[in-house]
Amino acid sequence: NEVDVELAIEAAQNAFPKWSKLTADQRAQYLRELSRGIMQKLDLFVQAESIDNGKPVSVARAVDIPRSARNFDFFADAITQFHGETFRSHYNTINYTDYSPLGVVACISPWNLPLYLLTWKIAPALAAGNTVVAKPSELTPMTAYLLCQVAEEIGLPKGVLNIVHGTGLRVGTPLVKHQTIKAISFTGSTSTGQVIAEATSRQFKKMSLEMGGKNPNIIFADCDFDKALENTLRSSFANQGQICLCGSRIFVEASLYDKFKTALVEKTKKLKQGDPLLAETEQGALVSAGHMDKVLSYIQLAQAEGGKILTGGRRFEGSGELTKGYFVETTLIEGLAFDCRTNQEEIFGPVVTLQPVDTEDEVLRYANSVRYGLSASVWTENLSRAHRMAAEIESGFVWINTWMLRDLRTLFGGYKDSGIGREGG
Ligand code: NAD
């Protein structure tokens, strides 16, 4: 609660002078040790992330945990290469930019990629010489707790990294409003981002908000069919569709529509859903009962709006222990208008819509019709069209003939209601 927040901020403030005076090399060394410490306990972290979140262990092992470790290595490298600019002016003076740490900063993260997104915020803040008070999602606290253990084991100076567990109301609010907090790095829903921006607007804190999405996945008839199909399956359902970059609206050029739809439905039906702790499971559970209910309510809404379920559409019952889990079938829906609620609001689950389109202009209108603008995918072998689309889609990221591949040096962030500020780079 707010008492813990107060104590954490005090600890961070006390640690700041010494931490910020370390050399970049010294701080980088700590970050590398945090990375190594995570990888040494890979199995433990993988199990914890899967149990906490419902994601398959295969995903936590291949994506979440290695990437969490890599976040520390990436920013350890980055800070040792970071530099300002110098200008010799025509007045014969030298102007230079000098970067200094801010002080105590807040990092707030969601439940979908728990440790991955938390470390993506903590690592650059620590690398730059700030001290941190971080709040993981109350739904997925386990790997953040394990990270604290690693921090103690490697001897990270006390007070440099403080993790406070709790809800948005009891911990998030007092944290972001605290006058000592100089910057806020938040990832979560657009509605929470709005609350944080409002709550702190009079304090002029530095702020990065990474928020919701409703990403289009655009498939032209001249695409590499197999590649588009394989990646669409991933971009639709990876992590049960609970990655902010998942494509939830698939637009297919009309001449390819039936062929693509048939193939996608067939592949979707084959996804192996079940116990997240089994190595062969491809689709796990959703994070909570509340989220499952929300996703199921959107499937009902889609039907009320005239949508036809092509596959899925229900709670996945499974057997034995699984019947108590929060599983939703991988669901494909067609027959909806681009501007209905199902196609405008973020569902953040394994629910994807399909729609045929005739022209570039039409698909751009549909793609850009939402309040969000986080990412998009375009599948075409026509180079000119690819660049035209990339320029016209209102989105922080446009992938051409791929999905989720990103050099971490590339800036990350959303247009419109998907975000302000940029991470990475
Ligand atoms: P959420 O907004 O409910 O919660 C995110 C975090 O904010 C949690 O730690 C929560 O406790 C905290 N919080 C809640 N209220 C707060 C308040 N008033 N003050 C301070 N902190 C508060 O989001 P969620 O349900 O955990 O995550 C899902 C959302 O995250 C989706 O909308 C998804 O698109 C988004 N997301 C975005 C990105 C991105 O990079 N843009 C990445 C992942 C997830």
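Arg27, Leu31 and Ile38 in α2 meet Leu115, Ala123, Leu126 and Ala127 in α5, where contact means heavy atoms within 4.5 Å. By class, this contact has 6 nonpolar, no polar and 1 charged residues. The model is predicted, and local features need pLDDT of at least 70, side-chain atom pairs count only at pLDDT 80 or more, and totals for chains, interfaces and linings use all residues. Residues are numbered from 1 along each chain as its sequence is written, and side-chain values use heavy atoms, with hydrogens and water left out.

Helix α2 covers residues 24-40, and its axis lies 10 Å from that of α5 at an angle of about 160°. α2 is therefore roughly antiparallel to α5, a term for angles over 145 degrees. The crossing of α2 past α5 is right-handed.

Helix α5 also belongs to the second largest pocket, giving the most to its lining with 5 residues. At least two residues each come from α4 (57-81), β3 (104-108), α5 (114-127), β6 (181-187) and β7 (206-210). A pocket here is an open set of points on a 1 Å grid where a 1.4 Å probe fits, with protein on both sides within 12 Å along at least five of seven lines; lining residues have an atom within 4 Å of a point.

The volume of the second largest pocket is about 1200 Å³. Its lining has 38 residues, of which Phe82, Pro124, Ala125, Ala128 and Asn130 lie nearest the centre. By class, the lining divides into 20 nonpolar, 11 polar and 7 charged residues.

How values were computed
Grid points are joined across faces, edges and corners, and a volume is the space filled by probe spheres set on the points. Helices (H or I, at least four residues) and strands (E, at least two) are DSSP runs, numbered from the N terminus. Ala, Val, Leu, Ile, Met, Phe, Trp, Tyr, Cys and Pro count as nonpolar, Asp, Glu, Lys and Arg as charged, and the others, Gly among them, as polar. Axes are lines fitted to C-alpha atoms, for helices over the stretch in contact, and angles run from 0 to 180 degrees between N-to-C directions. Angles under 35 degrees count as roughly parallel, over 145 as roughly antiparallel, 65 to 115 as roughly perpendicular and the rest as oblique. A crossing is left-handed if the near helix is turned anticlockwise from the far one by less than a right angle, and right-handed if clockwise.
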